[in-house]
Amino acid sequence: MAQATAEHRADVVVVGAGPAGSSAAWHLAQSGLDVAVLEKAEFPREKVCGDGLTPRGVKALQDMDVDTSSPGWVRRRGLRVHGGGRVAEVDWPRLASWPDHGLVRTRRELDALLAGHAVEAGARLTTGTTVTEPLLDDAGRVVGVRAEVGDDREPVTWRAPLVVSAEGLSGRLAKTLGLLRRTDRPLGVAVRGYVRSRRSGDDYLDIAFDLTAGGPTRDCMPGYGWIFGMGDGTANVGYGLLDTRRGTGADRKAILRHWLDTFPAEDGLGEGDAVGPLRGAGLPMALSRGPAYTRGLLLAGDAAGTVNPCNGEGISYAIESGRMAAEAVAAALAVPAGDGREAVLQRYPQRLRSELGRHHRLGLGFLALLARPAVVRLATARGLRRPALTDAALRLMGNLTDGRDGDAVDRALAVLLRLTPAT
C-alpha cells in the first residue's frame with residue numbers, strides 16, 4: 001500500500017536554516033507572515049566556514065536584533081595581514097555606518113542560534129526534513145515543495161504561494177527549474193579544521209597571502225590562509241582557493257599544512273594539535289546563479305552565489321540576501337496574485353545586483369590580480385608599509401565604507417563603485 005503523504009500549508013516556505021534561511025524566516029515572521037522553515041539536518045550541526053564575522057556581518061546580526069554582547073560571542077579587533085615577507089596588524093576601520101569590531105563563533109553554534117531566533121519570532125522550524133523537489137502547478141509555477149522526513153523518509157508536502165531557497169551550493173530547487181550555476185563565475189574551495197592553540201585568544205585574525213616560505217606560488221594562488229582564534233582554547237585554521245578555474249591540481253590540504261608548519265611549534269598549529277579532521281566546502285561567488293527569482297521561487301545566500309569574491313566572506317551576505325528576499329516576499333504577498341505581484345517579485349534580483357553586483361565585479365578583478373604571485377608579493381610588501389593604503393584595501397575588500405558621506409577614501413571608493421558595472 002502506498003504511503004499517505006501528509007500535507008501542510010504556510011504563507012511562505014523557506015528551505016534551509018543556515019544564516020540566509022534563518023534571516024529570511026526571522027524577517028518574514030516579523031512581518032506577520034506564517035513561515036515554515038525546512039532543514040534537512042538536526043541542530044547543532046557542523047558547517048565548513050572560517051567562523052569569522054567582519055563588521056559587515058556584525059551589523060547584519062544587529063539588524064536582526066541578535067544580542068552580540070551576550071556570552072558566546074568573541075570580539076576581534078582587526079586583521080593581522082601576512083604578505084610580501086611582512087606582517088601588519090590592522091584595526092577594523094572606524095566608520096559611522098559599521099561596527100568597529102569583528103566577531104567569531106562556530107557555525108555549529110551560530111546556525112542553531114539564528115534558527116532559534118527565527119523560531120522565537122514565530123517561524124515554524126522542522127528539522128530532519130529533506131526537500132526533494134518543487135511542487136508545481138499546471139503553469140509550471142512553484143506552489144510548494146515535496147520532502148521526506150526522518151530516517152523512514154516519510155513523504156510530506158508543504159504548500160505556499162512563495163518558496164525561498166536557502167539550500168546552499170547544491171541549489172536542488174533552482175536546478176530543477178533550470179537555474180544552473182554560471183561557470184564563468186569563480187567557485188572557491190575552502191578547507192578548514194580546528195587546532196588547540198595558544199592563539200585562541202588573539203585580538204587579531206590572521207590572514208596570509210604568503211603560504212610558502214618563498215612567498216606566493218601558482219599552486220596556492222589566488223587564495224589565502226587564515227588563523228582565527230575562537231577564544232575557547234582552539235583556533236580555526238583554513239585555506240581558501242578563490243578561483244578553481246586556474247587551479248593547478250595542488251593538494252589544498254597539503255598547502256594548508258605546509259603553511260601552518262612555518263609557525264613555531266609552541267603556537268599549537270601543527271597536525272598534532274588538530275581537533276578533528278580537515279573539512280572542505282565550495283564557495284559560490286559573484287551572484288553565480290540566477291535569476292534570483294523565477295516562477296514563485298526566490299534564491300538567497302549560497303543558493304544565489306552571494307559570497308564576496310574579494311575575501312570569501314559569505315555569512316554577512318547570506319543574512320543580507322535573506323532579509324532582501326523576505327522584504328520582497330512580504331511586499332509581494334500584500335498585492336493580489338497576478339501581474340502586480342510578479343512585478344514586485346522581479347525587483348528582488350534587481351535589488352541584489354544593485355546592492356552587491358558592483359562590489360562583486362570589483363572582486364572578480366581582484367581575483368585576477370591574486371592569480372599573479374609576483375603581483376601579490378609586490379603589492380603586499382609595499383602596501384603593508386603604508387597604513388593608509390592597508391586601511392583603504394581593508395575597506396574595499398570588506399565592502400565597508402560610509403560612501404559619499406565619509407572621508408576622502410570613502411568618497412573615492414564610492415566613485416569607483418559607481419563607475420563599475422554590476423555583475
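**Salt bridges in the predicted model**

Modeller: E7 has a relative accessibility of 48%, so E7 counts as partly exposed. This holds for a predicted model. The partner of E7 is R159, and the closest N and O atoms of this salt bridge are 3.2 Å apart. E7 belongs to strand β1 (residues 6-9) and R159 to strand β12 (residues 154-159), so the pair ties together parts that are 152 residues apart in sequence. R159 is also partly exposed, because its relative accessibility is 27%.

As a general principle, side chains of opposite charge can pair when their charged atoms come close. By the rule applied here, the count comes to 29 salt bridges.

A further example is R77 with D91, whose closest N and O atoms are 3.0 Å apart. This pair links distant parts of the chain, with R77 in the loop between β5 (74-76) and β6 (78-83) and D91 in strand β7 (residues 86-91), 14 residues apart. R77 is partly exposed at 45% relative accessible area, and D91 is partly exposed at 30%.

In another pair, D184 meets R182 at 2.6 Å, N to O. D184 has a relative accessible area of 42% and is partly exposed; R182, at 35%, counts as partly exposed. Elsewhere, salt bridges that share partners join R80, E89, R198, R199, D202, D206 and D267 into one network.

Finally, the interface of domain 1 and domain 2 is crossed by 1 salt bridge. R192 and E46 also form a salt bridge, with their closest N and O atoms 3.0 Å apart.

Terms used: Residues are numbered from 1 along each chain as its sequence is written. This is a predicted model: local features need pLDDT of at least 70, side-chain atom pairs count only at pLDDT 80 or more; totals for chains, interfaces and linings use all residues. Side-chain values use heavy atoms; hydrogens and water are left out. A salt bridge is a side-chain nitrogen of Lys or Arg within 4 Å of a carboxyl oxygen of Asp or Glu. Helices (H or I, at least four residues) and strands (E, at least two) are DSSP runs, numbered from the N terminus. Buried means under 20% relative accessible area, exposed over 50%, partly exposed in between (1.4 Å probe, protein chains only).
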